[in-house]
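Welcome! Please take a moment to look over the sequence and the 3D view before reading on.

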Amino acid sequence: MKGKKLVLSLIVGLVISGLGLYFSFRKVQFEPLMNYIVSINYWWTLPALGMAMISFFLRAWRWRVIMGSVERLGFWEAYHPMMIGFMMNCILPGRVGELARPAILKRRKNVPFFQTLATVAAERAFDLIILLSLFAVVTAYVQIDPNLEVAVDQYTISSKVLQNAATAMTRLSIVLIAGIILVSFEFSRGLMERIILASPSILFFLSLDAQEKVRQKICLPIVGIMNGIAQGFGAIKDFGKVLLCLGISLALWSLLAGTYFVMVQGCPGISMSALELTAMMVIICFAISLPSAPGFWGLWEAGGIFAMVLFGVPRDEAAGFTLVNHVIQLIVPIILGLISVVMTGVSIRQISSAGEELAENNIQTTERG
């Protein structure tokens with residue numbers, strides 16, 4: 001039954017991605033687009049592919065540093081689960097790949113689920129910090145036309161949409177950082193535990209036995225999960241590791257911006273500086289933070305075309321480059337993830353639905369404890 005669900009999920013993901021690609025470009029003139037795509041010098045994609053691969057090695061290194069407070073992993077022990085998660089995010093709906101790493105480590109090394117999940121959240125916090133910093137640099141350098149809008153089928157990207165996305169990402173960063181601080185330090189975590197455990201007493205209309213059941217069934221599991229997350233965020237308390245992770249994050253995002261710069265060298269009719277291409281990368285990242293199909297089809301194209309039109313690139317060239325660059329950025333995690341599946345022997349069928357099951361099992365185990 002699970003195998004059938006996996007096949008169905010894969011088919012749904014591929015169909016949605018295909019439809020997203022179709023709807024993204026159905027209003028673009030096909031012949032000029034194809035003529036431009038054919039004119040690209042694809043030898044430049046080879047160094048871009050290599051740089052994209054290296055960026056995932058940097059991600060694995062960073063995650064290994066963060067995971068050190070929970071479980072010491074070898075490089076490949078960190079790399080393979082991470083790549084499988086990225087691959088699943090590219091082809092399956094619902095970003096289920098975020099749960100792949102915790103599920104794999106739980107099954108293979110019995111690492112507590114929520115502790116690993118917390119390290120994934122810490123990774124996202126570092127990414128958000130770098131992206132928001134780059135956005136601050138971009139907005140100081142680039143004046144975005146408030147009247148410029150780019151529509152790709154049902155998606156429309158404008159300066160207002162980007163500002164809203166930046167605001168949402170800023171708030172998410174603040175919430176993540178505040179949460180990390182609250183659960184990572186004993187004083188604040190202890191205060192939160194006391195408040196949670198004492199909360200059933202406000203249900204004065206319940207009997208003492210009922211209040212105790214609430215404490216056992218709800219409050220204690222929450223405290224157990226919070227303690228697990230605290231251990232997952234353990235690396236954040238080490239200032240040296242924080243600086244190292246920030247340095248790795250800056251390096252990997254600089255490398256990803258470099259893939260844009262290398263790709264442009266083989267694209268006729270496009271002349272953009274490294275800073276302008278970095279701005280394009282940041283705009284795309286903000287655009288795909290909005291809800292979209294697997295693989296970010298549609299929003300990626302809208303964000304990319306918006307950025308390139310902003311810097312004076314004709315729309316046909318912008319559409320061609322954005323599509324090819326999107327494929328390059330997606331094909332790397334998909335291929336590397338599939339290789340990791342083969343090398344590790346991990347069953348996608350088993351881990352595709354394991355996240356929810358493990359989360360529920362962890363809560364039930366905490367209740368019994």
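## About the model

This is a predicted model, in which local features need pLDDT of at least 70 and side-chain atom pairs count only at pLDDT 80 or more, while totals for chains, interfaces and linings use all residues. Residues are numbered from 1 along each chain as its sequence is written, and side-chain values use heavy atoms, with hydrogens and water left out.

## How helices cross

Let us begin with the helices, which are DSSP runs (H or I, at least four residues) numbered from the N terminus. Helix α10 (residues 239-265) packs against helix α11 (residues 274-287) at an angle of about 115 degrees, and their axes are 9 Å apart. Here axes are lines fitted to C-alpha atoms over the stretch in contact, and angles run from 0 to 180 degrees between N-to-C directions. The pair α10 and α11 is therefore roughly perpendicular; angles under 35 degrees count as roughly parallel, over 145 as roughly antiparallel, 65 to 115 as roughly perpendicular and the rest as oblique.

Helix α11 also packs with helix α6 (residues 113-141), this time at an angle of about 125 degrees with the axes 10 Å apart. That makes α6 and α11 oblique to each other. The crossing of α6 and α11 is left-handed, whereas α10 passes α11 in a right-handed crossing. A crossing is left-handed if the near helix is turned anticlockwise from the far one by less than a right angle, and right-handed if clockwise.

## Salt bridges

How many salt bridges does the structure hold? There are 8, each being a side-chain nitrogen of Lys or Arg within 4 Å of a carboxyl oxygen of Asp or Glu. One of them joins D127 to R59, with the closest N and O atoms 3.2 Å apart. This pair links distant parts of the chain, since D127 sits in helix α6 and R59 in helix α3 (residues 45-67), 68 residues apart. D127 is buried at 6% relative accessibility, and R59 is buried at 8%; buried means under 20% relative accessible area, exposed over 50%, and partly exposed in between (1.4 Å probe, protein chains only).

D127 forms a salt bridge with R62 as well, the closest N and O atoms being 2.8 Å apart. R62 belongs to helix α3 and D127 to helix α6, so this contact ties together parts 65 residues apart in sequence. Both D127 and R62 are buried. A network of salt bridges links R59, R62, E98, R101, E123, R124 and D127.

Another salt bridge pairs K109 with E77, at 3.3 Å between the closest N and O atoms. K109 lies in helix α5 (residues 100-109) and E77 in helix α4 (residues 75-91), so parts 32 residues apart in sequence are tied together. K109 is partly exposed at 31% relative accessible area, and E77 is partly exposed at 37%.

N110 is found in the loop between α5 and α6. Is N110 buried or exposed? With a relative accessible area of 54%, N110 is exposed. Its phi is near 55 degrees, a positive value in a residue other than glycine. Most residues other than glycine have a negative phi.

## A nonpolar patch

Finally, V327, I331, I335, I339 and M343 make a nonpolar surface patch of about 430 Å². Patches are made of residues with over 30% relative accessible area and no salt bridge, with like charges joined within 9 Å and nonpolar side chains (Val, Leu, Ile, Met, Phe, Trp, Tyr) within 5 Å. Accessible areas come from the Shrake-Rupley method with a 1.4 Å probe, and for residues only the protein chains shown count as cover. I335 is part of helix α13 (residues 315-344) and, at 42% relative accessibility, counts as partly exposed.

How values were computed. Helices (H or I, at least four residues) and strands (E, at least two) are DSSP runs, numbered from the N terminus.
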